[in-house]
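Good morning, colleagues. Please look at the model on the screen while I go through its parts in turn.

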Amino acid sequence: MKDRPKILLPDDRYFDPDPRQKEIAQHLYAMVADLPLVCPHGHVDPRMFADPDYSFGSPTELLLIPDHYVFRMLYSQGIPLEKLGIPRLDGGPVEQDYRKIWQIFAENFYLFRGTPTGMWLTHELQAVFGIEDKLTGQSAQGIYDQIAAQLESPQFRPRKLFDQFNIEVLCTTDAATDPLDHHRAIRESGWGGRILPTFRPDAVVNIDTAGWRVNIAALSEITGIEVASYRAFIQALEDRRAYFQSMGATATDHAALTAYTEELSEQEAEAIFQRALRGEATAEEATRFTGHMLMESARMSIEDGLVMQFHPGSYRNHSPLIFERFGPDKGCDIPIQTEFTRSLRPLLNKYGHDTRLTLILFTLDETTYSRELAPLAGHYPAVKLGPPWWFHDSLNGMIRYFEQITETAGLYNTVGFNDDTRAFPSIPARHDLWRRVASNWIAGLVVRGIVDMEDSEEMIVDTAYRLAKRAYKFD
Amino acid sequence: MKDRPKILLPDDRYFDPDPRQKEIAQHLYAMVADLPLVCPHGHVDPRMFADPDYSFGSPTELLLIPDHYVFRMLYSQGIPLEKLGIPRLDGGPVEQDYRKIWQIFAENFYLFRGTPTGMWLTHELQAVFGIEDKLTGQSAQGIYDQIAAQLESPQFRPRKLFDQFNIEVLCTTDAATDPLDHHRAIRESGWGGRILPTFRPDAVVNIDTAGWRVNIAALSEITGIEVASYRAFIQALEDRRAYFQSMGATATDHAALTAYTEELSEQEAEAIFQRALRGEATAEEATRFTGHMLMESARMSIEDGLVMQFHPGSYRNHSPLIFERFGPDKGCDIPIQTEFTRSLRPLLNKYGHDTRLTLILFTLDETTYSRELAPLAGHYPAVKLGPPWWFHDSLNGMIRYFEQITETAGLYNTVGFNDDTRAFPSIPARHDLWRRVASNWIAGLVVRGIVDMEDSEEMIVDTAYRLAKRAYKFD
Amino acid sequence: MKDRPKILLPDDRYFDPDPRQKEIAQHLYAMVADLPLVCPHGHVDPRMFADPDYSFGSPTELLLIPDHYVFRMLYSQGIPLEKLGIPRLDGGPVEQDYRKIWQIFAENFYLFRGTPTGMWLTHELQAVFGIEDKLTGQSAQGIYDQIAAQLESPQFRPRKLFDQFNIEVLCTTDAATDPLDHHRAIRESGWGGRILPTFRPDAVVNIDTAGWRVNIAALSEITGIEVASYRAFIQALEDRRAYFQSMGATATDHAALTAYTEELSEQEAEAIFQRALRGEATAEEATRFTGHMLMESARMSIEDGLVMQFHPGSYRNHSPLIFERFGPDKGCDIPIQTEFTRSLRPLLNKYGHDTRLTLILFTLDETTYSRELAPLAGHYPAVKLGPPWWFHDSLNGMIRYFEQITETAGLYNTVGFNDDTRAFPSIPARHDLWRRVASNWIAGLVVRGIVDMEDSEEMIVDTAYRLAKRAYKFD
């Protein structure tokens with residue numbers, strides 16, 4: 001096997017080559033490498049922890065089919081999603097031979113050179129599965145065998161990996177109408193892993209959501225409140241928030257196309273809500289209602305203490321063809337320009353000075369880092385900045401984030417790292433990347449005489465661990 | 001006191017760690033470290049030089065209360081401005097115990113890790129006040145004592161510091177209606193410091209300014225021209241410009257929300273002006289009038305030779321709560337997206353080819369550096385680019401500026417550095433940061449074989465000293 | 001001559017100073033330094049290859065007068081274009097003394113310090129003309145003599161340089177109505193150089209082009225189709241595309257102010273076309289028609305296989321004064337903000353999933369790299385990303401491109417390098433800059449443990465040579 005290239009995972013990876021900076025970076029990284037992982041925002045399915053015997057299936061089902069980062073790249077090079085085993089909504093035929101799909105993946109793994117997905121997968125393969133060969137067309141089937149064998153072992157049940165990964169807390173993302181049965185099952189199982197729900201009300205709050213009226217019916221049913229009026233709607237939301245809190249939730253999560261906010265009068269809100277119930281609301285009314293509900297969510301957060309997360313700016317389902325054939329979250333959500341300064345002004349003017357509110361903002365438009373988000377977070381007590389999000393959760397994305405945000409907002413108006421992933425076994429790789437890039441960035445401050453060693457050691461522990469814990473109230 | 005960490009100010013600070021680059025950077029920096037400071041744009045109060053015995057008050061009054069960079073960060077972390085001694089407009093109670101405020105500041109000084117404010121303050125404490133300890137809750141009162149003692153000494157009068165700082169010229173920013181009494185007092189005092197006014201007409205030119213009609217009345221009074229018509233208004237402005245010039249002014253300064261320009265006919269201008277006098281002008285008319293007055297200002301500059309500075313893109317007083325309680329310039333001005341290419345076209349088409357005009361542009365939207373400003377400055381003879389402004393007056397802000405502007409505009413369409421500060425004792429720290437970052441950037445060009453040593457030595461002296469002097473006509 | 005500074009062109013230029021990174025960069029660069037140049041997109045005049053005895057004229061005519069990068073910088077510093085010998089459209093007097101112009105250029109060559117133009121010219125002077133002195137006012141005339149002497153030698157005919165530069169293929173850009181006489185002459189001459197046309201239909205497709213009706217008349221004449229209807233217009237375009245293909249074209253090229261696309265019904269298209277023929281089309285109709293024709297061009301590309309290039313976002317002829325006096329392409333085209341996500345959606349929804357289409361996107365708005373272009377290219381099979389364009393074809397522009405695009409799009413959704421130049425002798429310098437910056441970037445990935453040596457060697461050959469060849473179908 002001498003000619004099979006070995007996988008790449010040097011101990012000093014992601015650090016700048018300058019010897020002094022690297023030495024300091026390694027020192028800082030060593031301080032946080034083994035700290036528990038705080039995972040306040042993500043999309044792992046709670047089902048895998050509810051069932052102690054949950055199995056991930058085949059390597060392809062674990063690593064490729066659920067991960068849109070992976071299959072979007074293959075698709076962009078002309079490989080149909082059907083050939084990658086992505087299920088069609090209409091049940092139409094897709095490739096079922098997981099070894100064949102794995103072979104395609106391995107032959108095209110070179111596409112991920114220099115990408116975060118490439119870094120995460122390399123880390124997972126080596127650190128989680130102990131693979132020592134590089135993934136290529138030649139090594140594909142041997143690696144498949146190795147992973148498949150391990151996935152059958154009891155050591156590779158999700159609960160075991162949760163412990164092995166040293167996860168302190170893991171938050172899922174759950175619809176407002178979700179009964180949280182898996183979360184209840186986890187709690188009742190006696191297993192000690194801390195898995196918490198997050199309240200994500202988009203599907204009932206954004207009246208232009210496909211199937212909105214069905215969602216409202218579900219909201220009525222789960223709350224026992226007949227949601228036939230705006231007032232009842234607010235009551236039902238508050239009811240659900242209280243339930244989520246009783247199940248351990250510390251945060252809510254909100255998406256919208258833009259950051260537009262506006263306070264409607266109760267009459268206006270009611271009128272739009274009624275039109276929406278009749279299926280008559282206009283696009284403009286939907287925008288205004290979403291903007292109003294963001295303000296209402298801030299108000300509720302002030303009252304119940306749930307941390308409010310907001311991430312606008314993704315044009316969801318850019319391609320109807322993919323959406324209609326395969327559903328949402330299939331790699332065709334594309335960012336748009338985002339504006340915060342004017343858009344959030346109504347919300348911030350009303351609630352931004354209230355220290356009971358924590359409003360964590362995310363963006364896909366990096367131009368807002370230095371221009372809008374850092375100046376806002378450096379003024380309004382309620383505003384904190386979430387880590388680089390989605391496409392920007394990458395080595396260079398993190399560098400830009402640190403360099404463009406911290407000079408104006410300071411490190412202490414940020415909230416550490418979120419892995420934001422559906423891919424459970426990628427969690428350690430993602431935190432490792434953050435911890436390394438942060439260590440290297442802080443080491444860069446030290447070698448430039450900007451902070452001293454004492455400060456640098458505080459900063460790395462803060463950004464790797466403490467800031468997330470504090471911001472999301474896990475203390 | 002062995003356990004009190006010493007303040008950090010290494011001789012090689014802000015330079016890249018690569019030994020060869022650092023050596024060249026230090027060589028270049030040594031060429032300019034002791035050059036006089038040229039300060040063509042700032043907000044220092046001329047009063048402090050008019051009175052030879054002016055005293056800065058307590059350390060808190062010197063370093064915290066007047067500096068919105070400082071208190072906005074503390075506020076963002078939930079510390080009320082009242083607790084920081086920021087005066088309320090209604091005279092309501094605010095903390096008066098400067099030692100107590102200083103203690104809060106010191107305990108929270110860690111918030112400034114990695115920020116330009118942290119770098120400036122560290123420099124000031126050590127280089128101006130000789131403080132050797134790091135500012136912490138523990139060291140707070142001792143450091144307060146040290147600074148307070150020095151502030152009482154005659155060596156710490158503003159005029160003494162002006163000489164000690166080696167300031168060649170310092171421009172203030174003065175309303176169009178300002179009688180320039182302090183400037184006259186400075187001239188008549190026989191003191192040799194060169195303090196010049198800058199003509200800032202925003203409050204009379206932007207008809208949507210709060211209190212605009214009061215300002216127009218003041219303009220009438222100071223000029224003896226009854227400003228009851230647009231024509232008289234133009235005459236009064238020209239009159240004031242001539243007076244400012246007679247007091248040494250070489251430049252004007254203009255702010256606006258956007259960079260919109262448009263030439264109105266005299267009839268249109270007059271009609272809007274009349275509606276404004278009656279309090280009836282619309283928001284759109286205000287925008288058009290501001291756009292027109294920018295063009296008029298360019299015309300006047302061509303005629304009288306005053307350099308025209310323009311910095312759009314700040315959403316002033318984003319929070320009415322802060323504005324109403326504490327007034328303007330309290331850290332809640334937030335940048336917005338800015339557009340120059342189309343917006344400035346009317347002005348540039350009419351005046352941009354005229355070599356008698358120097359139009360210095362500033363931006364808070366860094367995306368315009370490579371996309372709009374550098375291409376404009378690399379074509380129109382009148383356009384020059386001001387240094388990185390406000391939130392971008394920082395180590396990384398300067399690096400982005402050099403990297404994104406000079407390839408297209410060249411160094412010679414930029415105008416060196418402005419400190420743009422209200423905080424007089426921070427001036428040396430700010431110029432030092434610029435000179436170091438510029439030295440390091442140019443050294444980076446040398447080690448990459450892009451410029452030779454001969455060129456690099458010209459470039460550093462140009463950007464540290466000569467370009468500002470030439471652009472603002474101080475020769 | 002000891003005191004004349006020698007020109008600067010170190011072997012390790014443009015590489016990071018870190019010794020290990022530089023060593024790897026040099027290794028990678030050595031692999032590609034001598035590979036043939038693939039030039040799929042540019043503006044070299046085919047006439048110079050049609051005539052075997054074509055001469056470049058004087059040094060000034062070769063290096064300054066045709067190069068807007070050069071004279072725009074001189075103009076920005078107040079030197080009139082007339083003094084630089086730029087011909088006036090009205091035949092008015094301009095400087096004719098090329099030595100005098102050269103002297104002005106040399107005296108102001110310091111303006112290009114740190115600019116790509118400075119790097120290219122330095123490279124050309126040394127590598128093409130063997131000049132060893134730095135260009136200054138003092139050395140100007142001696143260097144002029146040296147270049148002039150060489151330009152008279154048969155070694156400096158374009159065909160000789162083409163071979164000496166090791167150009168594998170060079171594409172020109174040609175109007176849809178161009179008879180391609182020079183291309184035919186080249187083919188018929190028996191000379192082996194591969195010079196191919198590119199189909200650029202802007203002047204007939206964008207109905208707001210100055211002189212559009214004249215262009216349509218020319219289209220009628222050259223095709224023999226009476227272009228009196230939209231249907232005939234489409235037929236004429238398809239006819240011309242077929243002709244271009246018969247002459248070796250593999251690509252089309254499209255400019256527009258924005259990336260707006262929209263599919264019109266045939267009736268709407270016909271109605272707008274008829275109004276345009278009568279000179280009655282509105283600006284909005286022009287925008288819609290351009291957006292529609294982009295979609296039509298994509299359809300045609302799917303049918304005939306021509307690669308489609310699209311580069312929106314330049315506000316052409318920003319200054320009417322320059323345009324009216326000197327014509328287009330005189331350095332006063334200025335970039336504007338550009339939007340792709342929503343604008344291209346109609347086109348991508350209809351044609352973006354078709355693997356027969358290659359749509360290569362360029363931008364002057366770097367904010368779209370990480371926000372829009374990389375996410376789009378990382379999903380749609382048809383989309384590939386062109387290299388950094390125009391003002392961004394520079395060392396820092398390339399670094400930003402690699403860092404902001406490849407993490408999401410991967411290297412394999414990019415298409416290598418285009419020199420995009422009118423200045424034929426600058427071609428080697430431009431490719432050399434790309435190959436060096438790419439080598440250095442990839443070496444940075446190696447020293448950070450992101451890719452291994454095996455991958456890095458594939459990547460450099462791909463981006464320096466193979467990707468362009470494959471994307472433009474030169475295989």
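Predicted model: local features only at pLDDT ≥ 70, side-chain atom pairs only at ≥ 80, totals over all residues.

The buried residues of α20(B) pack against α1, β1 (37-39), β7 (307-312), β10 (359-361), β11 (383-385) and α19 of chain B. Which residues of α20(B) are buried? They are B:Asp455, B:Ser456, B:Met459, B:Ile460, B:Asp462, B:Thr463, B:Ala464, B:Tyr465, B:Leu467, B:Ala468 and B:Ala471. Just after α20(B), B:Lys473 adopts a positive phi of about 60°.

Let me turn to the contact between chains B and C. Here, 40 residues of chain B meet 42 residues of chain C. On the chain B side, the elements that contribute two or more residues are α1 (19-32), α16 (345-351), α17 (367-377), α18 (395-409), α19 (427-447) and α20 (453-471). Which element gives the most to this side? It is α17(B), with eight residues. By class, the side of chain B that touches chain C comprises 13 nonpolar, 14 polar and 13 charged residues.

The contact between chains A and C comes next. It draws 42 residues from chain A and 40 residues from chain C. On the side of chain A that touches chain C, two or more residues come from each of α4 (68-76), α6 (116-128), α15 (320-326), β9 (334-335) and α18 (395-409) of chain A. The largest share of that side belongs to α4(A), which supplies four residues. The classes on the side of chain A that touches chain C are 21 nonpolar, 14 polar and seven charged residues.

How are chains A and C related? A rotation of 120°, with 0.0 Å of shift along its axis, superposes chain A on chain C with an RMSD of 0.0 Å. This is the relation of a three-fold axis. The copies use different surfaces, in that 5% of the contact residues of chain A recur in chain C.

I now consider chain A by itself. Its secondary structure amounts to 20 helices and eleven strands. Along the principal axes, the C-alpha trace of chain A spans about 75 × 60 × 45 Å. For 475 residues, a compact globule would have a radius of gyration near 23 Å, and the 23 Å of chain A agrees with this. Of those 475 residues, 56% count as buried. Among contacts in chain A between residues at least 6 apart in sequence, 77% join residues at least 24 apart.

Finally, the strands of chain C. Strands of a sheet pair through backbone hydrogen bonds, either parallel or antiparallel. In chain C, an open sheet of three strands runs in the order β1-β2-β4, with parallel pairing. Why is one side of β1 (37-39) and of β4 (195-196) left without a neighbour in the sheet? Both stand at the edges and each has a single partner strand, so one side of each has no neighbour there. β1(C) pairs with β2 (residues 167-171) of chain C over three bridges, in the parallel sense, and C:Val38 stands opposite C:Val169 in β2(C).

Strand β6 (residues 251-256) of chain C is mostly covered, with five of its six residues buried. β6(C) pairs with β7 (residues 307-312) of chain C in the parallel sense over six bridges. There, C:Asp253 lies opposite C:Gln309 of β7(C).

Methods. Residues numbered from 1 in each chain as written. Chains lettered and ligands numbered in written order. Contact = placed C-beta atoms within 7 Å. Nonpolar A, V, L, I, M, F, W, Y, C, P; charged D, E, K, R; others polar. Buried ≥ 20, exposed ≤ 12 C-beta atoms within 10 Å, placed from the backbone. Pairing = 2+ DSSP bridges. Least-squares fit on C-alpha atoms with pLDDT ≥ 70 in both. Rg over C-alpha atoms; globule rule 2.2 N^0.38 Å.
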